[in-house]
Amino acid sequence: MMQEQLDRIKREALDVLKKTSLPEELERIRVEFLGKKGKLTAILRGMGELSPEERPKIGALANKVREEIEKELEYKKTEAEIKKQNEKLKKEVIDVTMPGRRLNTGTLHPLTQIIQEVEDIFIGMGFELAEGPEVEKDYYNFEALNIPKNHPARDAQDTFYINDNILLRSQTSSVQIRVMENNRPPIRIIAPGRVYRSDALDATHSPVFYQIEGLVVDKGITMAHLKSCLEDLAHSLFGEDVRIRFRPHHFQFTEPSAEVDFSCFACGGKGCNVCKGEGWIELLGAGMVHPRVLQNCGIDPDVYSGFAFGVGVERIAMRKFNIDDLRLLYENDVKFLKQF
Ligand code: DAH
C-alpha cells in the first residue's frame, strides 16, 4: 500500500517537474513534495503503523524517492540557470564588426591657427609675446606714435572714439609704446590682437579684425635685420621659394617705411586666382622705428634703433586658405569651419 503511494508521489513529482523550469515553480514543487507539510513527509508520518519488518524497507524506499526528486529538482534548477544565462548573453551580444561611432571634436578657428603659427615662428626667433588693451588711450594709439591730434594721417584709420581721449585701438602699434615705456632694450616682441575701425562689413573689410605687431629695439638694428626677419616669416608661412619685396611707403611712426609684398605662394609669381593675377600679395606694413617714437618712450635714438612691422591676420588666412570673403571668418558656420 505505502509502496504504491510512494511510487505515485514519485511519478507525480517527476511529471510536474518535467513541465517547468521556472525557478519559482521549482521552489513551489519542492515545498509541495518535500517540505515539512509536504506529501512525502505526510506519508512518512504513517510509518509508525507499519510492522517492524516492513519499516526499514519502506524507510529505504522513501529515502530513495526523496533523493530522486531532489536530484531532479537540482537538475532542473541548473537547467534554468543555464537558460537564463544564455538569454542574458544573447541580449548582450556585441557585433565587433560594426563601424565605430566617431567623436565630434572641434578644431581651432583658422584665424587662431594663423596667430598661433606666427607666434611660434617668432618665439622660435627669440621674441616674447606682449599685449595691450583694446580700449585704449588716444596717446598710445596715435600721439606717441607721432600722429598728433588733427594730423591728416588719422584719416586713414576711421577710429571709434569713446571720448576725446579714449578709443577702440585702430592698430596694434599702440602696444609698441606700452612695451617701450616699461622695458629697456634689447626689446623683441610680437603682439597679436583685435583692432577696430569704423568700416562697413563687406568681402574685404570688417569693423573688427586682427593684427600682429612686431617690434625689435637694440643697438645697431638696421633695415637688413627687418628684411631677414620678414623673409624668415615668409618662408615659414608659405614655403622656402617665397620672395619678399619692399615698396616705399609712409607711416608716421617709421622712417623709412615700406609696404611688404610676398611673392604668390600658389603660382610662384606668374599670377593666379590666389594673388588676383598680381604675382605678389601685400601683407605687411613695416619700417625703422621713428626716432621721435623712441624718444617719446624715453629711449635715446642716438644709441638705439629699431624696426617694427604690422601684419593683418585675416589677409594671411584668406590667402593661405584661399578664402575670398572675409565675412566667412566671422560667421562661425560649422560647415565652413570644419574644413580647416
Ligand atoms: N599700424 C599699421 C596699420 O595698421 C601697420 C604698421 C605699419 C605697423 C608699419 C607697423 C609698422 O609696426 O612699422 O596700418
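Analyst: Start with N332. This is a predicted model, and accessibility is computed from it. N332 has a relative accessible area of 46%. Buried means under 20% and exposed means over 50%. N332 falls in between, so it counts as partly exposed.

User: Where does N332 lie, and what is its phi?

Analyst: N332 sits in the loop between helix 11 and helix 12. Its phi is positive, about 55 degrees, although N332 is not a glycine.

User: Where is N322, and what is its phi?

Analyst: N322 belongs to the loop between helix 10 and helix 11 (328-331). Phi of N322 is near 55 degrees, again a positive value in a residue other than glycine. With a relative accessible area of 43%, N322 is partly exposed.

User: Next, the peptide bonds. Which residues does a cis peptide bond join?

Analyst: Look at omega. A cis bond joins P185 and P186, with omega about 0 degrees. P186 lies in the loop between helix 7 (173-182) and strand 4. Another cis bond joins E255 and P256, where omega is about -5 degrees. P256 is in strand 7.

User: Now charges. How many salt bridges does a search of the whole structure find?

Analyst: Begin with the general idea. Side chains of opposite charge can pair when their charged atoms come close. A search of the whole structure finds 19 salt bridges.

User: Which parts does the pair D138 and R154 tie together?

Analyst: The side chains of D138 and R154 meet in a salt bridge of 2.7 Å, N to O. D138 lies in helix 6 (residues 138-141), and R154 in the loop between helix 6 and strand 3 (166-168), so the pair ties together parts 16 residues apart in sequence. D138 and R154 are both buried.

User: What about K149 and E143?

Analyst: Their side chains form a salt bridge too, at 3.6 Å, N to O. K149 is partly exposed at 40% relative accessibility. E143 is partly exposed at 34%.

User: Which residues do salt bridges with shared partners join into one network?

Analyst: The network holds R245, R247, E259, D261, E282 and R315.

User: Which residues gather in a patch of negative charge on the surface?

Analyst: D155, D158, D199 and D202 gather there. Take D202 as the example. D202 lies in the loop between strand 4 (187-196) and strand 5 (208-218). Its relative accessible area is 30%, so D202 is partly exposed.

User: Last, the inside. Which residues touch the most other members of the largest nonpolar core?

Analyst: That core has 45 residues. L230, F262 and F309 touch the most other members. Several elements give two or more residues to this core, including helix 5 (110-124), strand 7 (254-263), strand 8 (280-289) and strand 9 (305-312). Helix 8 (223-238) is also among them. The largest share, seven residues, comes from helix 8.

Terms used: Residues are numbered from 1 along each chain as its sequence is written. This is a predicted model: local features need pLDDT of at least 70, side-chain atom pairs count only at pLDDT 80 or more; totals for chains, interfaces and linings use all residues. Side-chain values use heavy atoms; hydrogens and water are left out. Patches are made of residues with over 30% relative accessible area and no salt bridge: like charges are joined within 9 Å, nonpolar side chains (Val, Leu, Ile, Met, Phe, Trp, Tyr) within 5 Å. Accessible areas come from the Shrake-Rupley method with a 1.4 Å probe; for residues, only the protein chains shown count as cover. A salt bridge is a side-chain nitrogen of Lys or Arg within 4 Å of a carboxyl oxygen of Asp or Glu. Lys and Arg count as positive and Asp and Glu as negative; His and the chain ends are not counted. The place of a charge is taken as NZ of Lys, CZ of Arg, CG of Asp or CD of Glu. Helices (H or I, at least four residues) and strands (E, at least two) are DSSP runs, numbered from the N terminus. Buried means under 20% relative accessible area, exposed over 50%, partly exposed in between (1.4 Å probe, protein chains only). A nonpolar core is a set of buried Ala, Val, Leu, Ile, Met, Phe, Trp, Tyr and Cys residues joined through side-chain atoms within 4.5 Å.
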